[in-house]
Amino acid sequence: MTSAKPAFKRVLLKLSGEALMGDQNFGISPDMMKYVAEEVKSIHELGVEVAIVVGGGNIFRGIAASSYGMDRAPADHMGMLATVINSIALSGALEKIGIPTRVQSAISMHEVAEPFILRRAVRHLEKGRAVIFAAGTGSPYFTTDTAAVLRAQEIHAELLMKATKVDGIYDKDPEKEKDATFFPRIKYMEVLEKQLNVMDMTAISLAMDNNLPLSVFNLSGKGNIFKVVTGAKDIGTLIDN
């Protein structure tokens, strides 16, 4: 693997909180955390600069809480705090296997994370540290998908990698519909027009407006992160303009 050359110098990996649950119904799976850390290590060893945004759905989802009567703003703030928990856990897993990390939070909490400062984040990346962006955008009503696109733009990432439970983008849910059509490559406008449920529409629109390529792939396929970064054509779906 190490003989392969990366196709990108700097990438941002978006992980859902649910991905960290593994086979559990809630919380963080140590085995899954270790697996994700090893996958990130495979590209870090190539010299690729890696930033990560992780969701909080394995602990708390603000939009779900708002659906049963809780005010959306405090619910979203609770969701942001869940992403901080996941970010700290992921940082620990990466550090354990030799990858230096920094957690930067959009909500100030100096005892557990650095504040998000763009130039400092870029400097960490240049020094070979994996930077984990926590607490979303710091504002309610914005998902961690939107935060991932925003941070990817700010650090000038060459690719946003969206790790999911399926092999890429389909016109229907492939877990429910056997005749679902797979898209190896698709334009952002098509994703919006077809309302394909890969990321929220705000995130897709922001990526489209800034020509940020987005790769959607299956996290559970061992080596998939490595394959995407080294330019494999048969992994996942590429969204661009």
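User: Is Asp145 buried or exposed in this model?
Analyst: The model is predicted. Asp145 has a relative accessible area of 11%. The cut-off for burial is under 20%, so Asp145 counts as buried.

User: Which residue forms a salt bridge with Asp145 at 3.4 Å between the closest N and O atoms?
Analyst: A salt bridge needs a side-chain nitrogen of Lys or Arg within 4 Å of a carboxyl oxygen of Asp or Glu. The closest N and O atoms of this pair are 3.4 Å apart. The partner of Asp145 here is Lys14.

User: How many residues apart in sequence are Asp145 and Lys14?
Analyst: Asp145 sits in helix H5 (residues 144-154). Lys14 belongs to strand E1 (residues 10-15). The pair therefore ties together parts whose separation in sequence is 131 residues.

User: How far apart are the closest N and O atoms in the salt bridge of Asp145 with Lys162?
Analyst: This bridge links distant parts of the chain, with Asp145 in helix H5 and Lys162 in strand E6 (residues 159-164). They lie 17 residues apart. Lys162 is itself buried, at 9% relative accessibility. The closest N and O atoms are separated by 3.0 Å.

User: Where does the salt bridge partner of Arg151 lie, and about how many helical turns separate the two?
Analyst: Arg151 forms its salt bridge with Glu154, at 2.7 Å between the closest N and O atoms. Both residues are in helix H5, 3 residues apart. That means a separation of about one helical turn.

User: How many salt bridges does the structure hold?
Analyst: The pairs include Asp145 with Lys14. Another is Arg151 with Glu154. The total for the structure is 10.

User: Which element gives the largest share of the lining of the second largest pocket?
Analyst: This pocket holds about 350 Å³ of space. It is lined by 17 residues, and those closest to its centre are Phe8, Gly231, Ala232, Lys233 and Leu238. The largest share, 3 residues, comes from strand E11 (residues 237-240).

User: By class, how many residues in that lining are nonpolar?
Analyst: The lining has 4 polar and 4 charged residues. The nonpolar count is 9.

Key. Residues numbered from 1 in each chain as written. Predicted model: local features only at pLDDT ≥ 70, side-chain atom pairs only at ≥ 80, totals over all residues. Heavy atoms only, no water. 1 Å grid on protein atoms, 1.4 Å probe; cavity = no way out; pocket = protein on both sides within 12 Å on 5 of 7 lines; lining within 4 Å. Points joined across faces, edges and corners; volume = space filled by probe spheres on them. Helix = DSSP H or I, 4+ residues; strand = E, 2+ residues; numbered from the N terminus. Nonpolar A, V, L, I, M, F, W, Y, C, P; charged D, E, K, R; others polar. Buried < 20%, exposed > 50% of the residue type's maximum accessible area, 1.4 Å probe, protein only.
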